[in-house]
Amino acid sequence: MTDWALVVFFVLITIWYLTFLATRLDRLHHRVENSWANLDVLLQKRAAVALEIAHSDIADPASSLLLTGAAYQARDADIQSRSAAESGLSGTLGLLLEDSRHLTTAADSALLTELSALTDKIRVAIALHKDAVTRTQMVRKKLIVRIFRLAGTAPLPVTYEFESDVL
Amino acid sequence: MLTRCLKIGIVCPYSWDTPGGVQNHIRDLAEFLISAGHEVSVLAPAADDGNLSSYVVNAGKPIAIPYNGAVARVLFGPVAFSRVRQWIANGDFDLLHLHEPAIPSISLLACWAADGPMIGTFHAASKRQKIIFAIGPILEPAIEKLSARIAVSEAARLTLTDHLDTDAVVIPNGIFASHYSQGTPQPQWQGNTIGFIGRYEEPRKGLSVLLEALPMIARFAPDVKVVVAGPGDPSEVQKSIDPQLRHRFTFLGKISEQDKANFMSSIAIYVAPNTGGESFGIILAEALAGGACVVASDIPAFDDLLGHGEFGALFASEDSTDLAKVVIDLLRDQEKRTQLAQVGRSRGQSFDWDIVAKQIFSVYEMSIVGSEKVKLASDTRSWSRFLSKDDK
């Protein structure tokens, strides 16, 4: 009789643990989605600001051309080439800002402050996203998660290789 | 910034009525957020219900436990847990901001109980402890629920990556920098004065290092004076001072914020000889903002805050000879002192609440995107949903 009770107890514990793990994993997947959504919005905004800069007086015609190209590339890139395109945009913006430290007009400096505020936020968003991705990958590597397919059909999140110091 | 007004719940792990860095940080942050138009509720343990600010909710009487080499006044247990759950259920919060969620306290309980956007701020910096191997796996699922982690310094971030293997965004502690930059120099504190503020009876504040260095300093700067401010009983310390040097010391006791600002703008050098246990060094940020020339021990937190010596001079921690050397150099070189104070002042401005709170708020914004409000975790579990459906 006690044997049966023990088996039932063990099974219940296992079920509890499995649901616990599944909830945990579900939460992590949500976190990855949210942090990516954040980052995506910020990067889109940055591309828009880059375009505005390209059309303003800050950029000379040559760098304006470069910047417009890079911004469109970053906007249209699919998921695989996204990080390369964004890094390219970072590089172009960096080049331009390096040159134009001594800028004057109010409208221009407003654009630049907007850009630097965005950059600060992007830096935080990248850190949050990276952390969410690595945590999820860590939990999904657990044997028990793989045996019981606790992740369901959710795709394994991939790390985006952003240069952590954009600009 | 977001125009929408948020409902923010902040959890303070330590007793609200005992003074401390974390409590001050939470109080300033809460008041800043309220003045920016947000609704804030702070849950904290407190021994006395009487004189709590209107935004503080008492979680119960704290108990004193030894933790990390000091006595922490925290609160946990089943009664506290049900209070925390009640606070979360009634609060209808957009997000929770938990402070120090990795120690046994109501912060950890809130992290267990809640589901939704949560942010954790880690204040402590300590060396890797063996015990973490045992408690790490228990903490991990809870810490994982935090949608963003903030560390107050590089030292705190390293502690976090060491102990819990997760990264954090570094956002420094805030000060009201404009307040400190408006001090008026007081003649009685001017001249060749060395300033020190802190609970000087605690050995880790390192006043003894300064005492040991003083005979050497006095030999080169005969008119040097030391002004010590902070709560404590000076008679014990005075006994340990060489009688010939005793007249050089002034003990002010606890001073007001206004006096602190005046103090920082009057003294020649501010010395922070702390030997460890410091994670950020808020007093250094205040000294910098107040325009004092700062000399500090080279413990990681101070080294980081002073930009490896760019914004203030550093000396080898616990080495009184080195301290004496650095102080004598600076006392003799007025120009270098002014130059250090000047770069330090602008560094101090970067810790202003205006800037720091904006950074914290942008982390808030990011963690509430796409999430619902904070709920009790037990309500969202599948079997509870299943059961409540049956009820209907």
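Which residues of strand 11 of chain B are buried on one side, and which on the other? In this predicted model, T193(B), G195(B) and I197(B) lie on one side of the strand and I194(B) and F196(B) on the other, and all of them are buried.

Strand 11 of chain B runs parallel to strand 12 (residues 225-229) of chain B, and five bridges join the two. Within this pairing, F196(B) has V228(B) of strand 12 as its bridge partner. Both strands belong to an open sheet of six strands in chain B, ordered 13-12-11-14-15-16 and paired in parallel. Strand 13 (249-253) and strand 16 (313-315) of chain B form the edges, each pairing on one side only. From one strand to the next, the twist averages 25 degrees.

Helix 10 of chain B contributes A285(B), L288(B) and A289(B) to the contact, while helix 13 of chain B contributes G344(B), R345(B), R347(B), G348(B) and Q349(B). By class, the residues of this contact divide into three nonpolar, three polar and two charged.

The axes of helix 7 (residues 207-220) and helix 12 (residues 320-332) of chain B come within 8 Å and cross at roughly 45 degrees. Helix 7 and helix 12 of chain B are therefore oblique to each other. Helix 7 of chain B passes helix 12 of chain B in a right-handed crossing. From helix 7 of chain B, the contact draws on V209(B), L210(B), E212(B), A213(B), M216(B), I217(B) and F220(B), and from helix 12 of chain B on S320(B), T321(B), L323(B), A324(B), V327(B) and I328(B). The contact of helix 7 with helix 12 of chain B has ten nonpolar, two polar and one charged residues.

Chain B also holds an open sheet of seven strands, with the order 3-2-1-6-8-9-10 and parallel pairing. Its edge strands are strand 3 (56-58) and strand 10 (169-170) of chain B, each of which pairs on one side only. Strand 1 (residues 7-11) and strand 6 (residues 95-99) of chain B run parallel and are joined by four bridges. In this pairing, G9(B) stands opposite L96(B) of strand 6. Helix 1 (residues 21-35) of chain B lies across strand 1, strand 2 (39-44) and strand 6 of chain B, at about 160 degrees to strand 2 of chain B. Helix 3 (residues 106-113) of chain B packs on the sheet as well, touching strand 1, strand 2, strand 6 and strand 8 (118-122) of chain B, and makes about 145 degrees with the direction of strand 6 of chain B.

Helix 3 of chain B includes W112(B). This residue is partly exposed, with 17 other C-beta atoms within 10 Å. Between W112(B) and G195(B) there are 83 residues of separation in sequence and 44 Å in space, C-alpha to C-alpha.

Chain A has five helices and zero strands. Of its 167 residues, 28% count as buried. Among contacts in chain A between residues at least 6 apart in sequence, 75% join residues at least 24 apart.

The two chains meet through 17 residues from chain A and 16 residues from chain B. On the chain A side, helix 1 (2-55) and helix 4 (106-141) each supply at least two residues. Helix 1 of chain A gives the largest share of that side, ten residues. The residues of chain A that touch chain B divide into six nonpolar, four polar and seven charged.

Note on methods. Residues numbered from 1 in each chain as written. Chains lettered and ligands numbered in written order. Predicted model: local features only at pLDDT ≥ 70, side-chain atom pairs only at ≥ 80, totals over all residues. Contact = placed C-beta atoms within 7 Å. Nonpolar A, V, L, I, M, F, W, Y, C, P; charged D, E, K, R; others polar. Pairing = 2+ DSSP bridges. Axes fitted to C-alpha atoms, helices over the stretch in contact; angles between N-to-C directions. Buried ≥ 20, exposed ≤ 12 C-beta atoms within 10 Å, placed from the backbone. Parallel < 35°, antiparallel > 145°, perpendicular 65-115°, else oblique. Left-handed = near helix turned anticlockwise from the far one by under 90°.
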